[in-house]
Amino acid sequence: MHQLIYSLFFLCYSSENQENGFLHISAQQNIFNSVSRMKVLIQHLLLLLSCCYFVHGTSQGALKDACDSMVPVHQAIPQTGTLPFQITLDKTSYNGSDVVAVTLVKNATNQFKGYLIQARNQDGTKIPGFELIQNSKFLQCDNPNDAVTHTEASGKDSVTFIFTAPATSRGNITIFATAVESKDIFWVKIPSETIVDMASTGASPTILPNVVAVTFAVVYLFKY
């Protein structure tokens, strides 16, 4: 790059001084100094641009490139093995428009700095329904509120979001999370328990307990 810039400067200066029949040594020195300063300027500019991209891609949340794979644009390989984070739910079944509390929480000492959380049915379709909390934003992958991510990179023990289930049957739903500990250390698509669609199964949360109670009553009567 700097050789190309030097050549351009040299040609400009040469054409300017051809009428005089010579090129001053001082002019060559000026060209060299200008090229050196420009080289330093370009290096600083590239460094600034890379820093801006890092801030936008990590500390201010996931990029839309991560919508489908949920892999951060960090140029690193996701971690495998034992998960230091998990997703907990306050209910594992839903009827129309039920509200589910979704928590991404650490299992050990590891804190996470960034996250991307989505709900998907068994077909892989992203299901909207999240509500924002402090220092979060929607990523808006396929729908306005089908993915949430962080807006700052402080260490976190947990985050809890409210997810409102679909008003109509969309099948069983799983919450997935990507948790970022650092630029090079992150876990992708941590799954929750399945949230069972009671409408699609034809069941009701009260049916099973009632069946069990009736069964015990019948057994008791026949026994005694």
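Guide: Gladly! Let's begin with the core. The largest nonpolar core has 25 residues, and those with the most contacts inside it are Leu 104, Ile 117, Phe 130, Ile 173 and Ile 175. A nonpolar core here is a set of buried Ala, Val, Leu, Ile, Met, Phe, Trp, Tyr and Cys residues joined through side-chain atoms within 4.5 Å. Buried means under 20% relative accessible area, exposed over 50%, and partly exposed in between, with a 1.4 Å probe and protein chains only.

Visitor: Which strands each supply at least two residues of this core?

Guide: They are E1 (85-89), E3 (99-106), E4 (114-121), E7 (158-164), E8 (173-182) and E9. With four residues, E8 gives the most to this core. Another core, of nine residues, lies apart from it and includes Ala 66, Cys 67, Met 70 and Ala 147.

Visitor: What should I know about the model itself?

Guide: This is a predicted model, where local features need pLDDT of at least 70 and side-chain atom pairs count only at pLDDT 80 or more, while totals for chains, interfaces and linings use all residues. Residues are numbered from 1 along each chain as its sequence is written, and side-chain values use heavy atoms, with hydrogens and water left out.

Visitor: How many helices and strands does the chain have?

Guide: Helices (H or I, at least four residues) and strands (E, at least two) are DSSP runs, numbered from the N terminus. In this chain there are four helices and nine strands. Their order from the N terminus is α-α-β-β-β-β-β-β-β-β-β-α-α.

Visitor: How do the strands form a sheet?

Guide: Two strands pair if DSSP finds at least two bridges between them. Here six strands make an open sheet with mixed pairing, in the order E2-E9-E8-E4-E6-E5. Its edge strands, E2 (93-94) and E5 (136-138), each pair on one side only. E5 runs antiparallel to E6 (residues 147-150), and three bridges join them. One example is Ser 136, whose bridge partner in E6 is His 150.

Visitor: Why does Ile 190 count as buried?

Guide: Ile 190 counts as buried because its relative accessibility is 2%. This residue is found in strand E9 (residues 185-197). Contact means heavy atoms within 4.5 Å; leaving out residues up to four places away in sequence, Ile 190 touches several others, including Leu 83, Phe 85, Ile 175 and Phe 176. Ile 190 and Phe 176 are 14 residues apart in sequence, with their C-alpha atoms 5.3 Å apart in space.
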